Amino acid sequence: MRNCIFIGLMSLLIAGCGEANRHPRGIEHVVVIGIDAMSVQGLRTANTPCMDSLIRNGAVSYTVRTVAPSTSTPNWNTMFYGAGPEVSGPAIWHWDGSSYMRNLDLAPVVMTENFRFPNIFRVMRDQRPDAEIGAIYEWWAVGLMFEPELLNVHETKPSAMETAVRSAEYIREKRPNFLFVHLDEVDGHGHRDGHMSPGYLRSIEDADAQVRLIVDAIRDAGIAGRTLVMIVSDHGGIYRGHGDAAWEEVTVPVIFSGAGVKRDYAIRQQMYVFDMAASVAFALGLDIPYEWTGRPTKAAFAGFDEPANRWNGPELLPPPVFPVEDRPHGGLFIDRPAEVNIALPAGAEGVIRYTTDGSIPVRDGSEVYTAPFTLDRSAVINARLFSEKGESPNVTAYYRVADTKAGHGLNFRIYQQPEMKEMPDFRTLQPAGEGVCYEFSLHGSPDLQALRSRYGHNYAMTFTGNLRIDEDGVYIFRLHSEDGGKLYIGRELVANGSGTGKSVATGKIELKAGLHPVRLEYFRQGGGGEITLYYEGPDISSRIVPPEKMFR
């Protein structure tokens with residue numbers, strides 16, 4: 001049966017002669033396969049025999065850092081342009097929709113006659129005018145990130161399988177010197193089913209089968225001994241989304257396999273998504289523009305060492321994994337204890353230590369996690385992984401426990417509205433449904449989730465109740481929303497995130513101990529949806545406002 005092992009077998013035969021050579025020898029073709037939203041945990045957990053074979057016969061990193069935000073547009077653009085958006089400028093050109101960027105008016109530091117920052121396609125076309133260059137992609141917006149006139153083939157296909165089949169045909173027909181392939185269905189399953197769900201993992205396994213089609217085509221075309229294959233990803237995800245700073249969102253894998261690559265090698269240098277363009281240029285012997293911030297991953301190639309000035313401090317381990325019931329780690333538990341389950345990240349070893357009081361775990365003194373446990377009250381759980389090699393960043397989970405007999409809860413109303421650009425005037429609207437929920441969230445109760453499912457992606461909501469404050473003082477509120485959200489305490493507007501898109505609105509207010517009327521207004525305009533309210537105050541570390549502080 002065909003497999004992917006042939007790509008790695010040629011590596012030792014084609015190895016370069018060390019740093020005396022500017023570039024690896026023998027690489028005439030580079031195929032980059034981008035699997036949208038394939039996370040480190042997803043790749044290491046799913047059954048992926050082809051990519052596993054590429055890893056065994058190649059080089060891999062599981063610590064590649066994305067640019068911010070951890071969304072598709074800026075990260076694919078960054079891979080093409082060899083620099084982040086603060087250098088290359090707009091992530092997408094000539095698109096009237098959202099480009100997920102915060103700096104669309106920031107010009108590139110240098111530009112071509114087409115007013116673009118130089119990308120890998122332009123660099124290759126300028127230095128190899130006769131090269132065969134292609135891009136075949138499932139997500140149509142990829143085609144807006146480069147000048148199509150630079151490519152011999154640029155096509156979009158309606159599915160990942162059709163994209164892979166067409167890419168295989170193109171390889172057999174034209175033997176391209178550089179081909180970028182984009183497979184999008186993993187991202188779709190992450191949004192629909194949840195990251196690390198069975199459906200998400202199956203989609204990675206489907207992507208592995210599509211990678212096999214492309215690798216088989218490289219062999220059939222007779223160019224396996226001269227081809228470098230790279231597997232890359234733009235971001236990971238958590239729950240059904242991505243775009244923030246959780247480890248699972250901002251850390252992705254990369255695989256190098258084929259001509260000139262070391263076998264069974266773990267890349268030690270820190271990598272970033274903008275290193276992809278520089279690595280392609282390095283492999284093909286192209287001069288890298290000075291303005292790129294990306295650096296080639298030379299250590300992946302035979303004959304080249306890790307950077308001599310690589311930081312050699314303690315190893316940064318991946319953080320422990322909490323099962324995710326909603327967007328923040330943790331979950332909401334109604335009339336039952338919270339169940340806390342913490343797991344080792346895939347491929348990692350060490351001891352998990354945790355705290356339940358909001359403090360950061362330390363190597364000596366913090367509780368060792370040995371088995372799942374329950375909580376009768378809301379709590380902030382912090383956890384870190386420790387080993388002889390190093391330690392992980394802290395990961396926080398917010399466990400919220402609601403007791404309906406104690407009167408916990410909020411009243412909500414939902415309004416069916418056509419597409420909105422701003423917060424509606426709720427005085428002019430009639431609610432389409434109402435009920436009880438237990439926190440400021442789109443997942444605050446089964447009744448709320450059932451009503452939301454009726455109204456698609458365009459609706460408005462209000463949450464009302466009373467917030468109990470236990471101690472006089474100044475309280476800070478942070479409202480994470482997508483799209484608009486406004487928080488009122490009494491008659492005062494405390495946090496205002498009233499625009500469209502993701503936002504974090506922050507405000508502070510001095511409150512006396514006792515009950516305070518609270519109202520949160522929200523609208524959703526297509527796309528994803530999110531609302532989460534955090535607060536902090538005297539002797540209260542930042543946390544999601546817990547259910548036991550809210551009363552109908």
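Predicted model: local features only at pLDDT ≥ 70, side-chain atom pairs only at ≥ 80, totals over all residues.
Residues are numbered from 1 along each chain as its sequence is written, and side-chain values use heavy atoms, with hydrogens and water left out.

Let me begin with the salt bridges, each being a side-chain nitrogen of Lys or Arg within 4 Å of a carboxyl oxygen of Asp or Glu. Searching the whole structure gives 18 of them. In one, Arg122 pairs with Asp126, and the closest N and O atoms are 3.0 Å apart. Both residues sit in helix 6 (residues 120–127), four residues apart and thus separated by about one helical turn; helices here are DSSP runs of H or I with at least four residues, strands are runs of E with at least two, and both are numbered from the N terminus.

In the salt bridge of Asp470 with Arg468, where the N to O distance is 3.1 Å, Asp470 is partly exposed at 48% and Arg468 is partly exposed at 29%. There is also a network, in which salt bridges that share partners join Glu155, Lys157, Arg166, Glu169 and Glu173.

Turning to helix packing, how do helix 8 and helix 9 run relative to each other? The axes of helix 8 (residues 185–193) and helix 9 (residues 198–220) come within 8 Å and cross at roughly 175°, the axes being lines fitted to C-alpha atoms over the stretch in contact, with angles from 0 to 180 degrees between N-to-C directions. The two helices are therefore roughly antiparallel, a label for angles over 145 degrees, whereas under 35 is roughly parallel, 65 to 115 roughly perpendicular and the rest oblique. Taking contact as heavy atoms within 4.5 Å, Glu185, Val186, His189, Gly190 and Asp193 of helix 8 meet Gly199, Tyr200, Ser203, Ile204 and Ala207 of helix 9. Within helix 8, the buried residues are Val186, Asp187, Gly188 and Gly190, and these pack against strand 1 (29–35) as well as helix 9. After helix 8 comes Gly194, with a positive phi near 100°.

Helix 4 (residues 72–81) is mostly covered, with ten of its ten residues buried, Trp76, Met79 and Phe80 among them. The elements that cover those buried residues include strand 1, helix 5 (85–88), strand 5 (178–183) and helix 11 (275–283). Just after helix 4, Gly82 has a positive phi of about 70°.

I will finish with a loop residue, Ala346, which lies between strand 11 (338–340) and strand 12 (351–355). Ala346 counts as partly exposed at 21% relative accessibility. Ala346 touches Gln41, Arg44 and Thr45, leaving aside residues up to four places away in sequence; with Gln41, the separation is 305 residues in sequence and 6.0 Å in space, C-alpha to C-alpha."

Key
Buried < 20%, exposed > 50% of the residue type's maximum accessible area, 1.4 Å probe, protein only.
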